[in-house]
Amino acid sequence: MTRLARSLPALVASAALTSAPVHAAHAQDGPTVLRASSAIDGRGRTLSNVDIVVENGKIARIVAAGSGPSNGRLIDLRGRTVLPGLIDAHSHLSWYFNRQGRYHTRADGDTPVQSMLATAANAYATLMAGFTTIQSPGDNEDKDLRDWIATQGLAGPRILTSLASFSRGDPDSLRAGVRARKASGADLIKIFASASIRDGGKQSMTDEQLQALCGEAKAQGLRTIVHAHSAESVTAVVNAGCNQVEHGIFVTQKELDLMAQRGVYFDPQCSLVFHNYLDNRAKYEGIGNYNEAGFAAMEKAIPLAADVIRKAVATPGLKVLYGTDAVAGAHGRNAEDLICRVKDAGEPPMHAIISATSLNAEALGLGDRIGALASGLEADIIALDGDPTKDITAVRRVSFVMKGGKVYRDDGRKGP
């Protein structure tokens, strides 16, 4: 048992007082009917005047409004836009600001319990923002949070974690490390193939190292997501048979075409992570490579990022995911990149929504469980005040959140 696992029973007991579901819709309570005047199914279709019937935590069927079962609970969502729960393919829930107003590091004196309380608060904020599933790469502590959310009633999104990431080692030790991660319960493998953007983003692992990691992960049935900024590092990642490229701020059309040809998912960020660092500069500055040169690099990246996304979306066959790289200060604002992608990168709103729902679900290996409003899928369902296909800023106005058939947020607004 880890040190955090020993601290979690007390955490869960206290968290249950403030983050219990608004409506605990268990199987024995009968069906729940969500009545919607407008719904986006996550696969590109808009549905009008429907009843979404939820039974045993899943979507049982979608029928015409008024024709759902009368023996259950009716939740009236008319006047809002209903969507599948959103998915963030790259979020770091364990990153937070400590009580001194600084980015938390292991040397700042916070105890494991305090760190997990902050992490649980980030998870709760993420769920309340309409993100019912996230992928959190690079931290062993994600495992306890993942498991307590899944089994102990802690309110937060469904979590997939890589546990610790890989950035160095000889090929044999890297292969052994992949096997060890799987034995420890990792859902995927996270790799650093390049330096941080604050350090120039050059390739930092050899082709042989990348081939060892991605080859062994594939043999073990694990996906690989790889941090890679430079054009050469992205090429190396694709040629190594890895599954997903993160960031790619310096890619050219050549690398975008290569990813499309090889079926590699691409997860670029638009603005949230960069603006978050810059807006919270005083809380990060002086820690590691958070220095003048690093912040200047991130400021220069903002227009580059939007341009990369514009080109990526226009690249035939390229599967562009939605991941924010949310760090300390960004949790609960995970939808901001949807706004950036539409307003600054020119992505059609429906295309961006599909990225954050069904396409992300596919990339996470969960396409048969989440990511759409469809019979048989988990009842991860949210509602917005407004229509995001007409005004993408509606994604900021989440007023209803259901995950796995349980309602965690309902602002109580009634339809007509």
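1. Basis. The model is predicted, with local features requiring pLDDT of at least 70 and side-chain atom pairs pLDDT 80 or more, while totals for chains, interfaces and linings use all residues. Residues are numbered from 1 along each chain as its sequence is written, and side-chain values use heavy atoms, without hydrogens and water.

2. Overall form. The chain contains 12 helices and 15 strands (DSSP runs: H or I of at least four residues for helices, E of at least two for strands, numbered from the N terminus). The C-alpha trace spans about 60 × 50 × 45 Å along its principal axes.

3. Of the 416 residues, 57% are buried (under 20% relative accessible area, 1.4 Å probe, protein chains only). Of the contacts (heavy atoms within 4.5 Å) between residues at least 6 apart in sequence, 68% join residues at least 24 apart.

4. Helix α7. This helix covers residues 253-262, and its buried residues are E255, L256, L258, M259 and A260. They pack against α6 (231-239), β11 (244-247), β12 (265-267) and α10 (292-313). In an α-helix, residues three or four places apart point the same way, because there are 3.6 residues a turn. After α7 comes G263, with a positive phi near 70 degrees.

Conventions:
Buried < 20%, exposed > 50% of the residue type's maximum accessible area, 1.4 Å probe, protein only.
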